[in-house]
Amino acid sequence: MERTERKCSVLIAAASEKTANQIRSVLPSSYGTVSIQTSMARVKQTLSMDRYDLLLVHTPLPDEFGLQSVLDLAERFPSMGILLMVSKDTYEQTVYRTGDAGIMVLARPFSVQSFISSVQILQSLLKRIRRLTEENEKLRKKLEDERYISRAKALLIERQGITEGEAHKYIEQEAMNHSITRREVALHVIREAGRIVMIKY
């Protein structure tokens with residue numbers, strides 16, 4: 001069975017709706033939600049309510065140039081890809097200031113193909129970041145599970161006078177008997193022993 005891939009949502013920021021719509025018109029039709037805002041204040045307001053995969057900013061915006069706010073947004077939403085479109089005169093300075101923030105910068109004027117390529121590269125990088133984030137979360141959860149299981153084993157050894165092997169076997173057997181995870185068995189053992197379970201993130 002083929003996996004259905006979630007469509008990419010895009011937020012476009014430009015000083016005029018005409019410019020924003022021109023950008024929108026060259027985006028691949030396979031993209032999902034595409035929203036337009038004409039000021040950085042509205043961009044921030046929109047992102048406070050909804051999440052987007054990509055933010056495309058055509059500078060300058062009427063209320064500010066947009067660079068500092070984009071840097072702040074990149075830090076606040078690390079899983080959102082950002083493409084900053086700047087004039088040729090400000091390109092070098094913008095690239096220098098964005099540094100390692102993970103923001104892609106494109107100098108105007110640019111060809112449609114250059115724009116599409118930049119957006120596709122940004123989307124590919126975003127997918128990779130999300131995949132790494134998911135893998136990191138799975139690893140974090142696994143390590144957390146192991147901490148609870150180790151704590152439960154220590155309590156069983158201490159209170160029941162059994163060996164580590166027997167404690168391990170008990171947790172495995174309880175998980176099978178009750179169709180629950182080893183983590184759930186461990187948490188039950190810890191609670192029964194009167195210990196407070198502190199979940200650390």
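Reader: Where is Thr38 found?

Author: Thr38 sits in the loop between strand 2 (34-37) and helix 2. Helices (H or I, at least four residues) and strands (E, at least two) are DSSP runs, numbered from the N terminus. The model is predicted: local features need pLDDT of at least 70, side-chain atom pairs count only at pLDDT 80 or more, and totals for chains, interfaces and linings use all residues. Residues are numbered from 1 along each chain as its sequence is written, and side-chain values use heavy atoms, with hydrogens and water left out.

Reader: Why does Thr38 count as buried?

Author: Buried means under 20% relative accessible area, exposed over 50%, and partly exposed in between (1.4 Å probe, protein chains only). Thr38 has 17% relative accessibility, so Thr38 counts as buried.

Reader: What makes the pair Thr38 and Arg42 a polar contact?

Author: A polar contact is a pair of N or O atoms within 3.5 Å; within protein, one must be able to donate a hydrogen and the other to accept it, and residues adjacent in sequence count only if both atoms are side-chain atoms. The side chains of Thr38 and Arg42 are joined at 3.4 Å.

Reader: Which residues is Thr38 in contact with, leaving aside neighbours within four places in sequence?

Author: They are Ala14, Ala15, Ser16, Glu17 and Pro62, where contact means heavy atoms within 4.5 Å.

Reader: Is Ser179 buried or exposed?

Author: The relative accessible area of Ser179 is 69%, so Ser179 is exposed. Ser179 lies in the loop between helix 6 (164-178) and helix 7 (182-192). Its phi is positive, about 55 degrees, although Ser179 is not a glycine.

Reader: What makes a set of residues a nonpolar core?

Author: The set must consist of buried Ala, Val, Leu, Ile, Met, Phe, Trp, Tyr and Cys residues joined through side-chain atoms within 4.5 Å. The largest such core here has 21 residues, and Val43, Leu47, Leu55 and Leu73 have the most contacts inside it. Helix 3 gives the largest share of this core, five residues. Leu73 touches Met40, Val43, Leu47, Leu55, Met80 and Ile82, not counting residues up to four places away in sequence.

Reader: Which peptide bond joining Arg108 and Pro109 is present, cis or trans?

Author: The bond is cis, with omega about 0 degrees. Pro109 is placed in the loop between strand 5 and helix 5. The peptide bond from Thr59 to Pro60 is also cis, with omega near -5 degrees, and Pro60 belongs to the loop between strand 3 and helix 3.
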